[in-house]
Amino acid sequence: MMHLSDIIIAKIQNEGPISFRDFMDMSLYYPELGYYTSAGEKTGFEGDYYTSPNLTPLFGIMIARQLEEMWKIVGKGPFTVFEYGAGSGKLCHDILNYLKNKPDFYENLNYCIIEKSSVLQEIEKASLHEKVIWYDTIKDIPDITGCILSNELVDNFAVHRVVMQDQLMEIFVDYRNDFVEVLQPASKELKEYLSELNIELPKGFQTEINLQAIQWIEEIAKSLKKGYVITIDYGYPSSELYKKERSNGTLMCYANHTTNTNPYQNIGNQDITSHVNFSALCHWGVKNGLTCCGLTSQANFLLSLGFKEYLHKMTIHENNLIETIQKEILLTQSLILDMGMKFKVLIQEKGNLKKELLGLQGI
């Protein structure tokens with residue numbers, strides 16, 4: 001069987017250097033051989049990294065509580081949740097499991113998943129047996145009233161990498177006995193991205209530009225008639241993202257619960273990510289009719305929705321007091337102090353709803 005690295009090398013030899021964006025896209029999504037399109041566990045103990053839903057159902061419960069409030073704000077009618085990239089389906093399962101106890105909302109709820117990977121779609125279908133419909137694109141359902149939800153989606157969009165020299169240059173990937181990076185003048189589109197956000201990079205500064213994130217926010221803004229967008233991911237607003245300490249960019253690779261910064265090894269067998277620019281999502285959201293409700297830390301979001309109270313309720317019935325305390329400390333450490341500070345929650349709205357949300361209190 002041909003290795004993915006051989007396919008990429010052949011493409012470069014036939015066509016010349018490819019953009020890093022194309023290299024990353026092939027590494028992650030090439031049919032049957034990309035990281036997300038090949039078999040094998042990606043998250044949890046058996047996978048390469050943990051996501052918040054892997055740790056506890058409480059993460060899904062807190063999101064479900066926020067969705068319930070959103071449903072009330074938009075009028076308590078039919079409400080569609082569109083989850084992008086549901087992975088193992090764990091978050092969806094935990095949300096629905098909680099909302100079954102809210103029959104008025106549950107009866108009005110439609111849950112839709114867009115999953116690019118057929119492998120992951122099969123995993124999701126094995127554990128999600130009711131309420132869920134899968135779609136290839138959000139365009140299949142126009143005029144959505146509800147919420148478009150994603151957790152750790154945008155950081156996996158393939159990104160262009162650029163570096164400022166005498167002019168803005170884009171990083172391309174060539175092959176000369178090994179993968180090497182070469183520079184070519186950046187396209188007009190990449191330059192316009194930075195100028196739209198009023199970003200002037202100092203000489204030598206390297207960063208990533210996620211044009212796919214713009215296309216995504218434009219697409220979902222067109223489909224959403226009334227409701228909200230919840231985007232949970234790690235990243236920064238522009239004011240933080242382009243600070244001097246990030247002058248080498250934010251690209252990171254994950255394999256077997258370890259990290260590295262070399263995307264040219266373990267091709268197809270490691271995840272490749274970059275930090276999300278939340279200012280860009282807000283900027284292009286506004287241009288397409290989405291109002292920014294607020295950006296907060298995952299910690300603040302969960303705590304505002306009652307994380308500590310629910311955690312105590314969940315563990316208090318366990319027999320062993322020491323184990324109960326240890327579990328509470330571990331989950332607080334993971335979801336609030338560790339991932340809770342790294343991850344951000346951006347909420348945008350459409351339909352002139354103008355109501356303060358529970359998950360955005362205290363920002």
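## Exercises on a predicted model

Glu 32 counts as exposed, at 66% relative accessibility. The model used throughout these exercises is predicted.

**Exercise 1.** State where Glu 32 lies, and find what its phi shows.

Solution. Glu 32 is placed in the loop between helix 2 and helix 3 (52–55). Its phi is near 70°, a positive value in a residue other than glycine. The accessibility of Glu 32, 66%, is to be set against the cut-off for exposed, which is over 50%.

**Exercise 2.** Describe how helix 1 packs with helix 2, giving angle, distance, orientation and handedness.

Solution. Two packed helices are described by the angle between their axes and the distance between the axes. Helix 1 (residues 4–15) and helix 2 (residues 20–29) pack at about 150°, and their axes are 10 Å apart. Angles over 145 degrees count as roughly antiparallel, and helix 1 and helix 2 are therefore roughly antiparallel to each other. Their crossing is right-handed. On the side of helix 1, the residues that meet helix 2 are Leu 4, Ile 7, Ile 8 and Lys 11; their partners in helix 2 are Phe 23, Met 26 and Ser 27. Sorted by class, this contact holds five nonpolar, one polar and one charged residues.

**Exercise 3.** Carry out the analysis for helix 4 and helix 5, and classify the angle between them.

Solution. The axes of helix 4 (residues 58–73) and helix 5 (residues 90–99) come within 8 Å and cross at roughly 60°. That angle makes helix 4 oblique to helix 5. Helix 4 passes helix 5 in a right-handed crossing. Helix 4 contributes Phe 59, Gly 60, Ile 61, Ile 63, Ala 64, Arg 65, Leu 67 and Glu 68 to the contact, and helix 5 contributes Leu 91, Asp 94, Ile 95, Tyr 98 and Leu 99. By class, the contact residues are nine nonpolar, one polar and three charged.

**Exercise 4.** Locate Lys 244, Thr 258 and Asn 352, and assign an accessibility class to each.

Solution. Begin with Lys 244, in the loop between helix 10 (238–241) and strand 11 (252–255). Lys 244 counts as exposed at 73% relative accessibility. Its C-alpha atom is separated by 32 Å from that of Glu 349, 105 residues apart along the chain.

Next, Thr 258 lies in strand 12 (residues 258–260). At 45% relative accessibility, Thr 258 counts as partly exposed. The C-alpha atoms of Thr 258 and Leu 190 are separated by 31 Å, and the two residues are 68 residues apart along the chain.

Last, Asn 352 is found in the segment after strand 16 (343–350). Asn 352 has a positive phi of about 55° although it is not a glycine. With 57% relative accessibility, Asn 352 counts as exposed.

Key. Residues are numbered from 1 along each chain as its sequence is written. This is a predicted model: local features need pLDDT of at least 70, side-chain atom pairs count only at pLDDT 80 or more; totals for chains, interfaces and linings use all residues. Side-chain values use heavy atoms; hydrogens and water are left out. Helices (H or I, at least four residues) and strands (E, at least two) are DSSP runs, numbered from the N terminus. Buried means under 20% relative accessible area, exposed over 50%, partly exposed in between (1.4 Å probe, protein chains only). Axes are lines fitted to C-alpha atoms, for helices over the stretch in contact, and angles run from 0 to 180 degrees between N-to-C directions. Angles under 35 degrees count as roughly parallel, over 145 as roughly antiparallel, 65 to 115 as roughly perpendicular and the rest as oblique. A crossing is left-handed if the near helix is turned anticlockwise from the far one by less than a right angle, and right-handed if clockwise. Contact means heavy atoms within 4.5 Å. Ala, Val, Leu, Ile, Met, Phe, Trp, Tyr, Cys and Pro count as nonpolar, Asp, Glu, Lys and Arg as charged, and the others, Gly among them, as polar.
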